[in-house]
Amino acid sequence: MHFQCRPVDASFFDTAPMLFSNVVDLDATPSKVFSIFEDGESWPHWFHAIHKVVWTSEKPYGVGSTRTASLATVSIDEHFFIWEPGRRMAFYATGTSMPLAHALAEDYQLEEIEPGKTRFNYRVAMEPHLTVSLGGPLSKMYFESMFESACKNLKAYVKR
């Protein structure tokens with residue numbers, strides 16, 4: 001079964017009912033970090049909740065590109081609406097394999113803070129489906145933990 005999500009724009013990161021934000025400093029250049037984000041095969045190595053990422057668009061990737069991220073319990077079809085190589089990428093979900101959200105978007109912002117070091121600002125915005133809302137604080141804690149863990153693991157991954 002497929003559950004449609006509505007498209008959003010960057011303003012959703014300021015207005016969504018559920019917002020998550022994590023910031024981590026990385027020992028890598030913004031271009032290196034961006035290339036990790038572009039590499040579908042790297043995701044399961046640092047974002048452990050993700051089992052597989054498959055680009056469904058041809059290279060070169062950019063605004064309008066699509067991919068599917070598969071997690072343990074859900075697959076998410078994604079559409080990129082911001083693409084600034086070495087600086088920023090953002091997508092919204094077009095659909096999910098289970099009722100997760102009416103709208104979902106992620107924003108990956110990279111800022112060089114000194115030569116060879118990057119500040120990664122990771123934001124997730126969600127208008128949850130009733131099934132997630134019913135989880136209340138437990139749902140929020142689950143997502144917070146997953147996103148925070150991904151940032152910590154990315155920090156270790158870029159050091160390799």
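What pattern does the chain follow, read along the sequence? Along the sequence, the chain follows β-α-β-α-α-β-β-β-β-β-β-α-α. Here are some notes to go with the structure.

1. **Ground rules.** This is a predicted model, where local features need pLDDT of at least 70, side-chain atom pairs count only at pLDDT 80 or more, and totals for chains, interfaces and linings use all residues. Residues are numbered from 1 along each chain as its sequence is written, and side-chain values use heavy atoms, with hydrogens and water left out.

2. **Secondary structure.** The chain comes to five helices and eight strands. Helices (H or I, at least four residues) and strands (E, at least two) are DSSP runs, numbered from the N terminus.

3. **Overall dimensions.** A compact globule of 160 residues would have a radius of gyration near 15 Å, and the chain agrees with that at 15 Å. The radius is taken over C-alpha atoms, and the globule rule is 2.2 Å times the number of residues to the power 0.38. Along the principal axes, the C-alpha atoms fill a box of roughly 45 × 35 × 30 Å.

4. **Burial and surface.** Of the 160 residues, 48% count as buried; that means under 20% relative accessible area, with exposed over 50% and partly exposed in between (1.4 Å probe, protein chains only). The chain exposes about 8,100 Å², and carbon and sulfur atoms supply 54% of that area. These areas come from the Shrake-Rupley method with a 1.4 Å probe; for residues, only the protein chains shown count as cover.

5. **Contacts along the chain.** Take contacts (heavy atoms within 4.5 Å) between residues at least 6 apart in sequence: 55% of them join residues at least 24 apart.

6. **Charges.** There are 15 positive and 19 negative side chains, and the centres of the two sets lie 5 Å apart. Lys and Arg count as positive and Asp and Glu as negative, while His and the chain ends are not counted. Each charge is placed at NZ of Lys, CZ of Arg, CG of Asp or CD of Glu.

7. **Helix α5.** This helix covers residues 136–159, and its 24 residues should span 34 Å at 1.5 Å a residue; the end C-alpha atoms are 36 Å apart, which agrees. The expected span is 1.5 Å times one less than the number of residues. Its buried residues include Ser139, Phe143, Met146, Phe147 and Ala150. Among the elements covering the buried residues of α5 are β2 (18–26), α2 (30–38), β4 (66–71) and β8 (117–128).

8. **Met126.** This residue is found in strand β8 and counts as buried because its relative accessibility is 1%. Met126 and Ala101 are 25 residues apart in sequence, with 6.5 Å between their C-alpha atoms.9. **Ile82.** The place of Ile82 is in strand β5 (residues 75–84), and Ile82 counts as buried at 12% relative accessibility. Leaving aside residues up to four places away in sequence, Ile82 touches Ala10, Val63, Arg88, Met89 and Ala90. Ile82 and Tyr108 are 26 residues apart in sequence and 9.5 Å apart in space, C-alpha to C-alpha.

9. Ser21 lies in strand β2 and touches Asn121, Tyr122 and Arg123, not counting residues up to four places away in sequence. Thr96, in strand β6 (residues 88–96), is buried with a relative accessible area of 0%. Thr96 and Pro115 are 19 residues apart in sequence and 39 Å apart in space, C-alpha to C-alpha.

10. **A cis peptide.** Most peptide bonds are trans. The bond from Lys59 to Pro60 is cis, with omega near 0°, and Pro60 lies in the loop between β3 (50–55) and β4.
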